[in-house]
Amino acid sequence: MISGTRPFVEAIAADWIDRNFDGLFGGRAGRLALAQTLKYSRPTPAFYARSFELLLGAARRNDDNAVAWLLIAHLWNEPGYTYDAIVNGLRDSPSPRSTLADEVARLGQGLPDDQREVTERAVAFSRRLIADAGTRIGPEDLTGLGRWAMAIELDTEGWLELTEGSVAKTGGQIAYAVEVADRCSKVQPSSAALRILLAVLGHGDAWEQHHIDGVALEALRSAADGGIDDEAFVHLRERLIQRGRHEATNTRSQRTDDA
């Protein structure tokens, strides 16, 4: 089976691969070979040049790694693998469409410094997903963008903007909510981080809610120490009190105390 060794065969017999590509990977007969190359092989520019529609079909069938391969092509700036082409191609396929956010955040982080451009392209893709929520994709498809909370290479301002935009569209639902809350607490004082915490309160499993409540209380205290006393601060304190965190009652900003 050629699937696992496809890159090697491309290197030594490119003409043969080109002549037989449709028979190898196209149609019903080629679906197994395509699924196996996605699972056991690695993408190459030569493969991408012939495979956009094949990869879309594999993604719609929920083949392993198909969405990731589409996104890798976009991040590598392969011709034809544009944001519009990928999102429009999966527009009527809720299951693979819902993995776009999580996958692009996964692929855009943990990269060496000389691949900074890849991270920037992944962030740009994520921002466009947020802008398109409610039209070409559903708001619920954004929840995977919570994975960006673990991207240490994404600066605080950029991360806050991305995450606040996400929770504003999802109504507070976000994947990796614990990691999101933890990062919000670490970047205090920040009104944007307080707004994110306010949005995610009460979402997730019981243990997640308990953790986020505690983190939000600590963030509120840190924000107070940093002099924040705005609408985000007041609303988060009120919401925590409503959720039984009565310790928040005594949280006051130094700015208020000095007044």
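Let me start with a convention: Lys and Arg count as positive and Asp and Glu as negative, while His and the chain ends are not counted. The place of a charge is NZ of Lys, CZ of Arg, CG of Asp or CD of Glu. On that basis, the protein chain has 29 positive and 38 negative charges, and their mean positions are 5 Å apart.

Now, what are we looking at? This is a predicted model, where local features need pLDDT of at least 70, side-chain atom pairs count only at pLDDT 80 or more, and totals for chains, interfaces and linings use all residues. Residues are numbered from 1 along each chain as its sequence is written, and side-chain values use heavy atoms, with hydrogens and water left out.

The overall picture. The protein chain has 15 helices and zero strands. Both are DSSP runs numbered from the N terminus: helices are H or I with at least four residues, strands are E with at least two. The C-alpha trace spans about 80 × 35 × 30 Å along its principal axes. Of the 259 residues, 50% count as buried. Buried means under 20% relative accessible area, exposed means over 50%, and partly exposed is in between, with a 1.4 Å probe and protein chains only. Contact means heavy atoms within 4.5 Å. Among contacts with a separation of 6 or more, 71% are between residues 24 or more positions apart.

Next, helix α9. It covers residues 116-132, which is 17 residues. From first C-alpha to last, α9 reaches 25 Å, close to the 24 Å expected at 1.5 Å a residue. That expected span is 1.5 Å times one less than the number of residues. Several α9 residues are buried, including Val118, Phe125 and Leu129. What covers the buried residues of α9? The cover includes α5 (66-75), α6 (83-89), α8 (100-107) and α10 (156-170). Just after α9, Gly134 takes a positive phi of about 100 degrees.

Not counting residues up to four places away in sequence, Leu129 touches Tyr83, Val87, Leu100, Ala101, Ile137 and Leu142.

Now Glu103, in helix α8. Is Glu103 buried or exposed? Glu103 counts as buried because its relative accessibility is 17%. Beyond its neighbours within four places in sequence, Glu103 is in contact with Val67, Ala68 and Leu71. Leu145 is 42 residues away along the chain, yet the two C-alpha atoms are separated by 8.7 Å.

Thr251 sits in the loop between α14 (231-242) and α15 (254-258). Its relative accessible area is 5%, so Thr251 is buried. Leaving out residues up to four places away, Thr251 touches Leu220, Arg221, Ala224, Phe233 and Arg237.

Last, the backbone. Most residues other than glycine have a negative phi, and most peptide bonds are trans. Asn62, in the loop between α4 (45-60) and α5, has a positive phi near 65 degrees. Asn62 is partly exposed because its relative accessibility is 44%. Tyr176, in the loop between α10 and α11, has a positive phi of about 55 degrees. Finally, a cis peptide bond joins Gln188 and Pro189, with omega about 5 degrees. Pro189 lies in the loop between α11 (177-186) and α12 (191-200).
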